[in-house]
Amino acid sequence: MSVSRQSTLKKDVLRQNSDSIGWSQHIDRASASSVARKSNHSGIDMPDGHLFNSPTAGKKRCMVVGVVIVLVLVIPIACIADSYHKINEGYVGIYFRHGAIQDRVSEPGVHLMRPFIDDYKEVKIRPETHLMTPVKAITKDGIQNTFREINVITLVKMDELIFMAKKFGVDFKKSLVFDRIKEDLRIFCANHTIDEVYNTMFLEIVNHVKENVKKSISRLGENGIEILNLVIPKPEIPADIAKNYKQVKVQWTEQLVATQQQKTERIKKE
């Protein structure tokens, strides 16, 4: 082979190698560009460490500011809603702090109290009618009778309200009025016979019980409750005793009629 031909062959080989290397580099660049596009599209972390779809620092600041604004608005509204309350006409409000009765008394109207700490309760100070549950009592001679529909009208004095609520609880009327009426009624029956309770001394029962209850209220409750009226109907007595009373009434009526007839006949004869 001649020298010129060998030289030509070497040049062809070098040119082919150069074309291969250039094509390989072109493929590598295209592959890198494709991978970058896929990474950018799918949110995959790039070599520089940034996540393309994550919130930016500005967005985070906006979220923090929004939360603060919501808290600033919600907390005062919740405090006002919890502290606002209304006392109706004919009532007064007494207040509790962690369960303890406070000295504060509010009159009818709109008021505010400490939110989430204080609580309140309305207490009626206008005249109130109460129908008591039946009261059973035993007389001196051992006869049981039942007083039904006992009716009492009471009036609470606001000056002594806190004292009575602290000493006897919010339901102070039960201790100072209703329980005392039951007690004095049973004591009266225990000291008198069935005939006295049901017949001869029945009209004295109301005054006796009322006066004793007033004394108890004065002694225990500083006259904080006034009894305006007390009604005690006739008790229910055993059926056989009630039947005897009816027979006595019938006999008494017959005697009254007979006496009247005799008087009429004497007048006619005259």
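Is His192 buried or exposed? In the predicted model, His192 has a relative accessibility of 15% and therefore counts as buried, the limit for that class being under 20%. His192 is found in the loop between α4 and α5 (194-200). Apart from neighbours within four places in sequence, the residues in contact with His192 are Thr139, Lys140, Val197 and Met201.

The secondary structure of the chain comprises 7 helices and 10 strands. Of its 270 residues, 25% count as buried. Among contacts between residues at least 6 apart in sequence, 67% join residues at least 24 apart.

The largest nonpolar core contains 35 residues, of which Phe147, Ile150, Ile181 and Ile205 touch the most other members. Two or more residues of this core are given by each of β2 (91-97), β7 (135-138), β9 (151-156), α3 (161-168), α4, α6 (202-221) and β10 (225-231). Helix α4 provides the largest share of the core, namely 8 residues. A second, separate core consists of 7 residues, including Tyr198, Ile237, Ile241 and Ala242. When neighbours within four places in sequence are left aside, Ile150 is in contact with His130, Leu131, Met132, Val135, Ile181, Leu185, Leu230, Val231, Ile232 and Pro233.

At least two lining residues come from each of β5 (118-124), β6 (128-131) and α4 (172-190), and β5 gives the most, with 4 residues.

Although charged by class, Lys173 counts as buried because its relative accessibility is 9%. Beyond neighbours within four places in sequence, Lys173 is in contact with Glu128, Thr154, Val156, Phe178 and Ile225.

Backbone geometry was considered next. Most residues other than glycine have a negative phi. Phe116, however, has a positive phi near 65 degrees. Phe116 is found in the loop between β4 (109-112) and β5, and with a relative accessibility of 58% this residue counts as exposed. Glu149 also has a positive phi, of about 60 degrees, without being a glycine. The loop that holds Glu149 lies between β8 (144-147) and β9. Glu149 is exposed, because its relative accessible area is 58% and the exposed class begins over 50%.

Thr133 is placed in the loop between β6 and β7. At 48% relative accessibility, Thr133 counts as partly exposed, whereas Glu149 is exposed.

Notes. Residues are numbered from 1 along each chain as its sequence is written. This is a predicted model: local features need pLDDT of at least 70, side-chain atom pairs count only at pLDDT 80 or more; totals for chains, interfaces and linings use all residues. Side-chain values use heavy atoms; hydrogens and water are left out. Buried means under 20% relative accessible area, exposed over 50%, partly exposed in between (1.4 Å probe, protein chains only). Contact means heavy atoms within 4.5 Å. A nonpolar core is a set of buried Ala, Val, Leu, Ile, Met, Phe, Trp, Tyr and Cys residues joined through side-chain atoms within 4.5 Å.
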